[in-house]
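Please keep the sequence and the structure at hand while reading.

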Amino acid sequence: MRTHSAVKTVVLLAIVTWFLAGSPPTGASSKETANDTVVIRFPDGIDVPWEVQELLLQRVTESIRFVEDFFGYAFPRRIEYQFIESRYWGIGSAGYPNIVRDPWPVPTSIEDPSLYRPFNPHEVVHLVNHAIWHHCAVDSMDEGFACLVQNLYLSLPLHYEASGLLALGELPPLQTLLLESSQVSRFRYFVASRGNSSFLGFLYERFGHRSIIRLHRGLAEICGEGRFSDNLISLVEKCTSTPIAQLEVEWHKVLRAIQVHPRYLTALRLYKEYDKADLLRLVKQCEWLDVEIDPAFMAEVRSLNSDIWSYVNNESLTEEELRARIEEIVKWAEEIRRGISDRHTTGSPA
Ligand SMILES: [Zn+2]
């Protein structure tokens, strides 16, 4: 009887899953796949096999559910997850309450190992933040919570990056960090997001889930008020019943106890140097003026960015080689910038 009902449950689940996932296409793949939680849209001309669509749908749905459970929040409507194959980089919520845009290639083979890992919920957290804070997002907290929930879901270390920043003297004092935000410098963004995520992770581990949810909800009340920085510090102190200076001492103690690999510290230094190319501003400028950046430049930017982080584990990469490539990319970016400003001042068509 038990076996019989278990089999029935499995069959029923299969039917429900099949129903929620929509009907399987006959032959060619469709341009979207959906259930009650999310609709995933694929770019035109890309054939995504049905089995891949199902796996993607399952992974994205689990990731959204995790975020909803974490914050005790239910999205009032379906999330729209769009694969857009952007020329540049950057994943984001595009300012819409329920849309995430992903520029990375869509997996098209069932063999793709990424299909068997949990799906990163980072952008979905931004959607929750903006909904709960009524679009009055404070960058430092917005990125801090997004990185924290991402790390918890993906089982990534909560403090490693911040430990490295502290060891290099690149972590600002807590009261500055809590307000630190930069969307124009990759390194400053790194410091703000990883620093705040680690601090929130410390609160999560030391004071529990409820205390950081109180903090998250409390931000909605102080957001947009005058003297925000004072209010934020009072809010953190209220949620933990601990003075901010003591929190900083305890948090740094946690960070100092973590052994950071010397090659990781070198990678951080290189990443800071690479920031001199000012790439975020350059890409934004090109998008704004509708100027196409040399694809060879973009390819080297991506490859260099990836190699800087691969340097930590890949001993065939040397610091000298990466430093030389960074100098090249900084000069190359400068040339592109000059080209744009010449074209702009002479009025030649882009
Ligand atoms: Zn983010």
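Two residues are in contact if their C-beta atoms, placed from the backbone, lie within 7 Å. The model is predicted, with local features needing pLDDT of at least 70 and side-chain atom pairs counting only at pLDDT 80 or more, while totals for chains, interfaces and linings use all residues. Residues are numbered from 1 along each chain as its sequence is written.

**Nonpolar core**
- Val124 touches Ser63, Ile64, Val67, Ile79 and Val100, leaving aside residues up to four places away in sequence.
- In the largest nonpolar core, which has 61 residues, those touching the most other members are Val60, Val67, Ile79, Val124, Val125, Phe145 and Val149.

**Packing of α5 and α7**
- Helix α5 (residues 160-167) packs against helix α7 (residues 186-207) at an angle of about 115°, and their axes, lines fitted to C-alpha atoms over the stretch in contact, are 8 Å apart.
- The two helices α5 and α7 are therefore roughly perpendicular to each other, a term covering angles of 65 to 115 degrees.
- On the α5 side, Glu161, Ala162 and Leu165 meet Val191, Arg194, Gly195 and Ser198 of α7.
- By class, this contact of α5 with α7 has 3 nonpolar, 2 polar and 2 charged residues, with Gly counted among the polar ones.

- Gly169, which follows α5, has a positive phi near 75°.

Terms used: Axes are lines fitted to C-alpha atoms, for helices over the stretch in contact, and angles run from 0 to 180 degrees between N-to-C directions. Helices (H or I, at least four residues) and strands (E, at least two) are DSSP runs, numbered from the N terminus. Angles under 35 degrees count as roughly parallel, over 145 as roughly antiparallel, 65 to 115 as roughly perpendicular and the rest as oblique. A nonpolar core is a set of buried Ala, Val, Leu, Ile, Met, Phe, Trp, Tyr and Cys residues joined through C-beta atoms within 7 Å. A residue is buried if 20 or more other C-beta atoms lie within 10 Å of its own, exposed if 12 or fewer, and partly exposed in between; C-beta atoms are placed from the backbone.
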